[in-house]
Amino acid sequence: MTATDPVLRRAPDALVRLCPDRTLVLVGDSVHTLAGAGVALWDLLVDPLRAPDVVQRMQAIFAEMAVSSDVATFVDDLVRVGVLVSDSPPVN
Amino acid sequence: MTVRSEHLAAVTRDLPSAGAFPTHPLDALGWSSLTAEMERHRTVGYLSWAVADGEMPATDRQMEEIFERHALLMRHALVLEDETRTLARRLHPHGVVPVLLKGMAAAHLDHEDPSLRVFQDVDLLVRPDDVDSMVADLLLVGCTRDLPPRSEDWDRRFSKDIAITTPRGAEIDLHRTLVPGPFGFTLDLEELHADTVAVDLGGIAVKALCPERRVLAAALALSVGEPQARLAAALDLVGTVRHHGVDTAVVTDLSERWGVGALLAEALGWATDALGEAALPGDLRRWSVDRPTSRRERRIRNVYRSAGGSNTATLLAAPAGMSNWRDRADYLRWLVRPSPAYRHARAASARPREWRTGLSELVRRRP
């Protein structure tokens, strides 16, 4: 982890609803519905975190949920659609 | 989220087990009837949370169905909020901050969680002097309106609201006043705008009415706003009182000054019947029981659809709420003989001829 690692945070202007089945509906560039790990990521980013930390913690959450996914791509997608923001370009 | 007593009432009032959740999931017919009622009352959010909490028994299929429906309604709510945010960004440089009404305002201010309150359109209160420029601005950016105004000054002087459809298909109702007909004209619009609170809508500052005015707005929606009262409006009213400690004297004084005391009393009675006595403070309930309704108020109330009247009767009775003869004369003139643009647009639409249906309804209703 270095000082140049991007910091990820929830988009401060995201419009959000959390449904009772832990489905998260958000508006970034368009409307998105996140379930499961998406909600976990949203919860994780209550405070801004450096990208490597996010990836590490999400990998643990994915493993616990028995979900197989490329965490970095998943996070990048959420940055791309504007529901997460990064203070520098996302790490490839 | 804990299911509170008024949530329980909201979900259970039409069930055979009225006042309590059933012990087993409803059969298909019962479930379908319950969800249809919840849709009509805009209380799907309450049912969804009651199912998630395990208070309302449901089969796996029913659970999946209600959660899916709820998520879909929340997507729609967020699209509407996004449209409102876009509109607010356009208006800010002109010094205009939109005032949210009804569902969107209540979702953010008066319910325990915004996901409890479902709404299907955007309702914004606009100062009469700002109505024309706001409509023109929206039409410039690709929004459309259903019909042109009945006269050049109709929107700012007489309209209840102007329904605008955005390019994304969202409906925005720009309200000059809160309700149609006579009561819409007895409200003091200057005073209505005089006390507002700030609301943050995804990083953009908008406004809503202050709690006392929101109670009155919910009471008007509950009594004469729709052909049939909606539980969501009662929950808005009760939620405002519960969460904001509304001053009973301020609410009741405002209602009397604005000529809608009888409607406030009626709405408080309806909310008490629907949600239980504990839902409202004793002094407000007592006021609603003790407040007499005059013959004139009753006569005017009866023109509204929710009391067996009709749209035509509501329109024709509107001058009863106006304070000067010039307004009455202008209103009736443009009501009966609207502009050619309005008549042509109406004829081109699939609507029935305006007065033929309405007047025959009135004639049929006469004893």
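The questions and answers below take these topics in turn.

Reader: What kind of model is this, and how are its parts numbered?

Author: Residues are numbered from 1 along each chain as its sequence is written, while chains are lettered from A and ligands numbered from 1 in the order in which they are written. Side-chain values use heavy atoms, with hydrogens and water left out, and local features need pLDDT of at least 70, side-chain atom pairs count only at pLDDT 80 or more, totals for chains, interfaces and linings use all residues, and the model is predicted.

Reader: Which element of chain A has the highest mean pLDDT?

Author: pLDDT is the predictor's confidence in each residue, from 0 to 100. Chain A averages 81, and 89% of the residues score at least 70. Helices (H or I, at least four residues) and strands (E, at least two) are DSSP runs, numbered from the N terminus. Helix α3 (residues 71-80) of chain A has the lowest mean, 82, and the highest, 92, belongs to strand β5 (residues 49-50) of chain A.

Reader: How many residues of chain B are in contact with chain A?

Author: Contact means heavy atoms within 4.5 Å. Chain A contributes 16 residues, and the number from chain B is 24.

Reader: What is the area buried between chain A and chain B?

Author: Buried area is the accessible area (1.4 Å probe) that two parts lose on being put together, summed over both. Carbon and sulfur atoms give 66% of the area here, and the total is about 1,500 Å².

Reader: Which residues in chain A lose the most area to chain B?

Author: The area buried between chain A and chain B is about 1,500 Å². Three residues of chain A together make up 47% of what that side buries: Leu15(A), Arg17(A) and Pro20(A).

Reader: Which side chain of chain B meets Arg17(A) in a salt bridge?

Author: A salt bridge is a side-chain nitrogen of Lys or Arg within 4 Å of a carboxyl oxygen of Asp or Glu. Between chain A and chain B the count is one. In the bridge of Arg17(A), N to O is 2.6 Å, and the partner is Glu81(B).

Reader: Which element gives the most to the side of chain A that touches chain B?

Author: The elements that give two or more residues to this side are β2 (15-18), β3 (24-27) and β4 (31-34) of chain A. With four residues, the one that gives the most is β2(A).

Reader: How many nonpolar residues does the side of chain A that touches chain B have?

Author: Ala, Val, Leu, Ile, Met, Phe, Trp, Tyr, Cys and Pro count as nonpolar, Asp, Glu, Lys and Arg as charged, and the others, Gly among them, as polar. β2(A) gives four residues to this side. By class, the side has three charged, three polar and 10 nonpolar residues.

Reader: Why does Arg291(B) count as buried?

Author: Arg291(B) meets Glu297(B) in a salt bridge, 2.8 Å from N to O. Glu297(B) counts as buried at 16% relative accessibility. Arg291(B) counts as buried because its relative accessibility is 14%.

Reader: Which residues does Val135(B) touch, not counting residues up to four places away in sequence?

Author: Val135(B) lies in helix α6 (residues 128-140) of chain B. Val135(B) is buried, with a relative accessible area of 5%. The residues touched are Arg145(B), Ile162(B), Ile164(B) and Leu174(B).

Reader: What is the phi of Lys102(B)?

Author: Most residues other than glycine have a negative phi, and most peptide bonds are trans. Lys102(B) is in helix α5 (residues 102-109) of chain B. Lys102(B) is not a glycine, yet its phi is positive, about 55 degrees.

Reader: Where is Arg42(B)?

Author: Arg42(B) is a residue other than glycine with a positive phi, near 60 degrees. Its place is in the loop between α2 (28-40) and α3 (44-52) of chain B.

Note on methods:
Buried means under 20% relative accessible area, exposed over 50%, partly exposed in between (1.4 Å probe, protein chains only).
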